[in-house]
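Subject: The structure for you to look through

Hi,

Here is the structure I promised to pass on. Please open it beside this email and follow along as you read.

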Amino acid sequence: MRCLEGHRWFGAVLTLLVICTSVTLRAGHKTPSYKVIVHPTCPVEFVDKRELLRIFLKKNTRWPESALVYPVDLHADSDIRKRFTDDVMERSVSAVLSHWQQAIFSGRAVPPLELKSDAEIVRYVINTKGAIGYVSIDAPVGSAKVIEVR
Amino acid sequence: MFHHWSLRQRLWSILGLTFFGLLAMVITDRITTEHLNRELAAVEQGYVPLLKYGPELEAAFNKLSRSMLDAVSAQDPDALSETRLLRDEIIEMLGNAPPAVDSENIERLTVEFISWSDKAYRLSVEMLQGHSGERLVKSIKDMQEAKQASWGLLKRTVFLDESALARAFGNARGAQQTAAETRIIFCLILFLVIAALMLIMGHRVLQAFSELLIGFARFGKGDFSKPVLIQGEDELAELGFGANQMAYHIDELQNNLKQANKELESFSYSVSHDLRAPLRGIDGFSQALLEDYENSLDETGQHYLHRVRAAAQRMGELIDDLLALSRTGRASVTRTHVDISTLAARVAKQMDDSDPSRKVQWVITEGIHANADQRLLTVVLENLLGNAWKFTKKKPHAQIEFGKHSDAEGEAYFVRDNGAGFDMTYADKLFGAFQRLHRDTEFEGTGIGLATVSRIIRKHGGRIWAEGQPEHGATFFFTLNHAEEIS
């Protein structure tokens, strides 16, 4: 009986591992690969997706306490941007770009500032009161505040 | 001043005033019409082209913007280069702006446009090259600012300013209104002035004519004592003056005539009276000689005395006729209803009785009446019928007619005979006193009868004339008063 009990243990651990891995893997899709950061003095703790969308489409230009909000995008080729755009704006990046091009030429609006790297984003957010941006999930953010996306 | 002008001058002045008034009106009308036309031309030339230009230019601007966007969207640098052509076309369009657009505005617009199109171009290049960051944001903002400036200027300068257009039309309408009002006022003033002048002149003329009418009515009645009163210095005043002169002369003539007639009558009367006495003596004593000294006188002597008596008797006749003539001159005409036919018949009978040996055929139309002096008319008939009787003496079948004759000129009484007649060339001598167209040896007579008849006829306001042919008889026509004959 001692042999059979050992196989049972091995099976259980294997099953558990499989389950854990799959859970982990699945959680890897659910878990965003970006995080949203704001200026350190920003009082906001969380933001919902709809509001985020509005901010990044420049439809909402002020924080709740009426200070100006300065959104900043990663450059168009970035994966993180792609993730962010898919997730928050539920559109493709090219659709958003097209929207902004039309807005530029028609003179209606100016698109959010575009920066090339996470580090530049972080630097900008830290140095610009009211700024809001997104970086890859594990990028260092320094004194920038991370807020939750709901 | 108008009063001192002659009628002719006044008429000409009114005519001249009318002419120049109308001329002035036409000129001012033309001026206002010109003004109106200018306003309308300004609208036509200035504003109408803008109807198209503004929208066309705006469309071109939009097309350029669109083209650059499309080039960026499609990531096509060649397409972006092509937009430069569009830009140049637009610059040309700006150069060909219609005159209604202020040239300064066009210059500014061109500058702004170039600024924007260059910035947009550079931005497009940057976007194609994938620029990003703060610099790109600045480029975007610059371009957008320039766009706002140029689009705004475009809207303000090359589009039809409706208020300006409305103003222009308002001006045109105002000009038209002014023209119409001016015309009316002008006409009114002209009419009033001319009417006033014509009334003044007309009043003068009518007044003068009225005065003349009254004056001539008086003259017609024979009253030349009061003059016609027309004051002033114009033709009417001259007319009045002339009328008064005429009246004065006629008055003088009348007086002279009256005087002459009076003298003539008294002369005739006294002469005939004074002539009778010696005549009575001549006749009387001749007769006495013939009766008492018949035996002492031989045939020749008696013949001579017969001749003396005949001559004396003839002279007596002459004197009687003269007296009759003068009496008819003094006599007045008392008109009554006279049956001329009966009168003529009576005279005819008298003739027949005076010489029963003669057989004269009398043709007297019956039922002829007239309004005349019976006594004087008798004298007329006695003379005319007596003459007819006399001058048909030599004709075996004498015919004497009396009747009434009508022709185109009117009605007249006539006495016609088929006797000796007369030569028409001496017709005007017929009615003169002592005028005879036949020798005394042919037909006796004093030559006064017809003068008397003529005078009586004239007193009745009628006229007498005769037609005749030698040896073919004569017809004597007379009227008694053209207006008042009754048959």
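Lys145(A) counts as buried, since its relative accessibility is 18%. Here buried stands for under 20% relative accessible area, exposed for over 50%, and partly exposed for anything in between, with a 1.4 Å probe and protein chains only. Before going further, please note that this is a predicted model, in which local features need pLDDT of at least 70 and side-chain atom pairs count only at pLDDT 80 or more, while totals for chains, interfaces and linings use all residues. Residues are numbered from 1 along each chain as its sequence is written, chains are lettered from A and ligands numbered from 1 in the order in which they are written, and side-chain values use heavy atoms, with hydrogens and water left out.

**Salt bridges**

Which residue pairs with Lys145(A) in a salt bridge? The partner is Glu45(A), and the closest N and O atoms are 3.4 Å apart. (A salt bridge is a side-chain nitrogen of Lys or Arg within 4 Å of a carboxyl oxygen of Asp or Glu.) Glu45(A) sits in the loop between β1 (34-38) and β2 (46-47) of chain A, and Lys145(A) in strand β6 (residues 145-149), so the pair ties together parts that are 100 residues apart in sequence. Helices (H or I, at least four residues) and strands (E, at least two) are DSSP runs, numbered from the N terminus.

A search of the whole structure finds 21 salt bridges over all chains. One of them joins Glu148(A) to Arg150(A), with 3.4 Å between the closest N and O atoms; Glu148(A) is partly exposed, at 45% relative accessibility. In chain B, Asp88(B) bridges to Arg87(B), where the closest N and O atoms are 3.2 Å apart. Asp88(B) is partly exposed at 40%, whereas Arg87(B) is buried at 14%. Shared partners link Arg84(B), Arg87(B), Asp88(B) and Asp118(B) into one network of salt bridges.

**Chain A as a whole**

Chain A has five helices and six strands, and along the sequence they follow the pattern α-β-β-α-β-α-α-β-α-β-β. Of its 150 residues, 39% are buried. If you take the contacts in chain A with a separation of 6 or more, 69% of them are between residues 24 or more positions apart; contact means heavy atoms within 4.5 Å. The accessible surface of chain A comes to about 9000 Å², and 59% of that belongs to carbon and sulfur atoms. Accessible areas come from the Shrake-Rupley method with a 1.4 Å probe; for residues, only the protein chains shown count as cover.

Now find helix α2 (residues 49-56) of chain A. Its buried residues are Leu52(A), Leu53(A), Ile55(A) and Phe56(A). (The arc is that of the directions from the helix axis to the C-beta atoms.) An α-helix has 3.6 residues a turn, so residues three or four places apart point the same way. Just after α2(A), Lys58(A) takes a positive phi of about 60 degrees.

**Nonpolar residues, inside and out**

The largest nonpolar core has 72 residues, and Ile132(A), Leu57(B) and Trp116(B) touch the most other members. A nonpolar core is a set of buried Ala, Val, Leu, Ile, Met, Phe, Trp, Tyr and Cys residues joined through side-chain atoms within 4.5 Å. Helix α1 (residues 7-73) of chain B gives the most to this core, with ten residues. Apart from it lies another core, of 39 residues, including Ala398(B) and Phe478(B).

Leaving aside neighbours within four places in sequence, Leu57(B) is in contact with Ile90(B), Met93(B), Leu94(B), Leu109(B), Leu154(B) and Val158(B).

Ile31(B) lies in helix α1 of chain B and counts as exposed at 52% relative accessibility.

Asp234(B) is in the loop between α5 (162-220) and α6 (235-292) of chain B. Is Asp234(B) buried or exposed? Asp234(B) is buried, with a relative accessible area of 1%.

Enjoy exploring!
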